Amino acid sequence: MSKLNGFSLPLSPEGRANLLPAPPWHYSGDMMLIEYRTDPDAVIALLPDELEPADDPGAVSVIFADWQSCTDSGEEWLDPYHAQYKEAMVYVGAKYKGQPICRCVYIWVDKDFAMLRGWVQGFPKKHGDVWMSRPVTVGKAGPRLAPGGKFGASLSVGGRRLIEARVNLTGLSEKGPQVNNPPQYNSRHFPRWDSLEPALYEMVTVKGVDKECSPIWEGTADIKVFDSPFEELKALEPKEIIGGFYHSFGYTMIDGEVVEQHKR
């Protein structure tokens with residue numbers, strides 16, 4: 001048995017030096033979402049062979065999230081650097097064996113532990129600078145969760161602005177966002193060191209328990225996607241805005257399920 005311990009690298013004698021502690025992982029966050037339609041062929045091009053196009057194949061959801069997370073001990077509450085982070089996610093719809101699913105095709109995050117945790121779950125996380133409006137309950141320094149509340153968010157990657165988004169709330173939503181609503185299927189891909197064949201390539205479902213959701217606000221929305229020599233998001237440029245949303249969400253991640261495991 002190894003004398004080194006830890007759920008993730010770096011392993012160490014006591015195991016406290018690892019970047020990512022073991023699950024369960026608890027999440028609470030505020031989310032701003034914009035749903036729109038783009039060129040369906042651009043979405044289909046992002047789907048692996050195991051997946052089929054969705055009934056609405058051009059639908060996209062861009063999600064900005066301001067998260068707080070912790071392990072069972074809750075010790076991260078008292079050291080907020082290890083709890084708080086923001087991310088921007090791009091979801092599309094698809095089907096797996098005829099059943100509707102959703103898939104995160106791009107995602108950027110601003111903390112290293114959250115990036116590694118995403119890779120473990122099959123999220124294709126990269127580093128980015130994410131900012132989003134915070135609602136207020138007192139004063140005039142921010143928007144209210146009420147009709148007329150104006151929210152904005154932005155993503156910059158590699159020193160370049162990649163996304164600008166705005167939502168103007170009009171009222172509470174009856175249906176809420178739809179693109180990221182079905183079960184989520186991601187791909188875990190880890191390269192080998194001695195060849196171009198992946199050491200691991202598998203389709204996984206991301207499962208959460210103890211889910212809680214606040215009332216969901218909806219409104220009009222606007223989103224701009226900019227080009228970058230290091231990204232391919234421009235291919236998903238909006239053609240038709242569906243709507244914007246804002247809500248809070250919490251859940252616990254215990255584990256996932258491997259659906260398929262094979263070589264590419």
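**A glycine after a helix**

I found G122 in the loop between α2 and β6 (125-127). I am working on a predicted model, where local features need pLDDT of at least 70, side-chain atom pairs count only at pLDDT 80 or more, and totals for chains, interfaces and linings use all residues. Residues are numbered from 1 along each chain as its sequence is written, and side-chain values use heavy atoms, with hydrogens and water left out. Helices (H or I, at least four residues) and strands (E, at least two) are DSSP runs, numbered from the N terminus.

I looked at the backbone next. G122 follows α2 and has a positive phi, near 90°.

Is G122 buried or exposed? G122 is buried, because its relative accessible area is 5% and buried means under 20% (exposed is over 50%, partly exposed in between; 1.4 Å probe, protein chains only).

Which residues does G122 touch, leaving aside neighbours within four places in sequence? I noted N186, S187 and R188. Contact means heavy atoms within 4.5 Å.

**The helix before it**

I checked α2, residues 112-121. Seven of its 10 residues are buried. Among them are F113, M115 and L116. R117 is also on the buried list.

**The lining of the largest pocket**

Strands supplying at least two lining residues each include β1 (25-37) and β14 (240-253).
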